[in-house]
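Visitor: I have a model open on my screen and would like to learn how to read it. Could you take me through it feature by feature?

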Amino acid sequence: MPSPRFFLALMLLASSSVNAAESQMFEKMKTYCFGRYLVDVPYEAELKGQGNTYLSTTIKTERGSENFLRQKIENRLNELKEGKTASERFLLNREIAPSKTSHLLIGYKEAFGSPMFSIDSFKWDQGWIFTTSRGPYDNKKIDSIIARFNDYLKSVRYRSDREVPKGAGFCIENGFIANDGKIPQLERASITFSLKKNPDVWFSIDTLTLSKNQPSILERQKAAKLDERFSGKIKSIKEGIRIVNNMQGEESLSEFPSDDQTGIAHNLIWETPGELNNPLKPMVSLEMTSGEGVAGVTGVSSMSTKQIQALYEAIVKTIRLRPTTETR
């Protein structure tokens, strides 16, 4: 019969194998730019989506030729001329063409005696088209807003998902806007990943310029009274203040039963409060979940608590602000 030392050796070997597998998972990392920030993620992480808000509007990106750009401009121009946008009823006010590959269409309407404007912007660069469409804009601010859009059209360009620009600016999906971030405006950026070998594990990193103060993540969780509503089911792994690259925030790491009660799932969050109306100091958050299933069903996590916490630690420490000095 094998001695106790033999079984101890087997246990230590198994433990070291697991630790080695975990460390190998995070040996190779790749860097992504989102908004004004960078983050490193494991090589096996797959990019699932990106979102953005800039100048208080969403920028859509798509592949296309210059001819396709002109067709999009012509289509929207006809809608504004004919008043076909039933939900908006903006009519063409003017066209502005800063360059051969950029265009602005300004719409106009009056509602209850108040003049309002809409702005559609178009830009083509290296086979990619960037468009925005939003209204209404205040009559008293329209000239300064148009000037901001002119600056945006001069600054936005194509960027591959893996390119990390050197100068100050705002990264969007397949694009980059050179800008120092010193003018207050609403900005939002998000980037989402899942793990190839653990498809139930998802994580997203978000930034948002705040217009008003809000409770911290721990205050919000306390107010939600989750411990009372799910008594004995939510187990805290770790919570409290967490400073990451000079950004003071809070973290809340927890585990809870899967819907079928056969295992556990996880929810790990780190979040900073940000400063009001400051694009260079937005609210920044990382949220990681396991057990993601179909139609909102929470399944059993494919990663142990130790493994997903190691994944979280590998990522959260890499979130950092990009350069804030604009270079051209």
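Guide: Let's begin with sulfur: a disulfide is called when two cysteine sulfur atoms lie within 2.5 Å. Keep in mind that this is a predicted model, in which local features need pLDDT of at least 70 and side-chain atom pairs count only at pLDDT 80 or more, while totals for chains, interfaces and linings use all residues. Residues are numbered from 1 along each chain as its sequence is written, and side-chain values use heavy atoms, with hydrogens and water left out.

Visitor: How many disulfides does that rule give?

Guide: In general, a disulfide is a covalent bond between the sulfur atoms of two cysteines. The count here is one disulfide. Cys33 and Cys171 form it, with their sulfur atoms 1.9 Å apart. The link of Cys33 and Cys171 is right-handed, with 90° about the S-S bond. It connects distant parts of the chain: Cys33 belongs to strand β1 (residues 29-34) and Cys171 to strand β10 (residues 169-172), 138 residues apart. Strands, by the way, are DSSP runs of E with at least two residues, and helices are runs of H or I with at least four, numbered from the N terminus.

Visitor: Are Cys33 and Cys171 buried or exposed?

Guide: Buried means under 20% relative accessible area, exposed means over 50%, and partly exposed is in between, using a 1.4 Å probe and protein chains only. Both Cys33 and Cys171 are buried. For a contrast in category, take Glu46 in strand β3 (residues 45-53): Glu46 is partly exposed, with a relative accessible area of 32%.

Visitor: How do I read the pairing of strands, and which strands does β16 pair with?

Guide: Strands of a sheet pair through backbone hydrogen bonds, either parallel or antiparallel. Two strands count as paired if DSSP finds at least two bridges between them. Strand β15 (residues 247-257) and β16 run antiparallel, joined by eight bridges, and Leu253 has Leu268 in β16 as its bridge partner. These two strands form a hairpin with six residues between them, where Gln261 in the turn has a positive phi of about 65°. Five bridges then join β16 to strand β17 (residues 283-289), again antiparallel, with Thr289 in β17 as the bridge partner of Asn267. Seven of the eight residues of strand β16 (residues 264-271) are buried, so the strand is largely enclosed by the rest of the structure.

Visitor: What about β6? Which strands pair with it?

Guide: Strand β5 (residues 91-99) pairs with strand β6 (residues 102-111) in the antiparallel sense over six bridges, and a hairpin joins the two through two residues. Look for Glu95, whose bridge partner in β6 is Leu105. On to strand β7 (residues 114-125): β6 and β7 pair in the antiparallel sense over 10 bridges. Their hairpin has two residues between the strands, and Phe112 takes a positive phi near 55° there.

Visitor: Now the rings. How many aromatic pairs are there?

Guide: Rings of Phe, Tyr and Trp (its six-membered ring) pair if their centres lie within 6.5 Å; planes under 30 degrees apart count as stacked, over 60 as edge-to-face and the rest as tilted. That rule gives nine aromatic pairs. One of them is Trp128 with Tyr158, a stacked pair at 5.8 Å centre to centre and 15° between the planes. Trp128 lies in strand β8 (residues 128-138) and Tyr158 in strand β9 (residues 156-158), so the pair ties together parts that are 30 residues apart in sequence. Trp128 is buried, with a relative accessible area of 9%. Elsewhere, ring pairs link Tyr54, Tyr137, Phe149, Tyr152 and Phe170 into a cluster.

Visitor: And which charges sit over rings?

Guide: The test is NZ of Lys or CZ of Arg within 6 Å of the ring centre and within 35 degrees of the ring normal. Lys109 has its charged end over the ring of Phe90, 4.7 Å from the centre. Arg162 lies over the face of Tyr32, at 5.4 Å from the ring centre.
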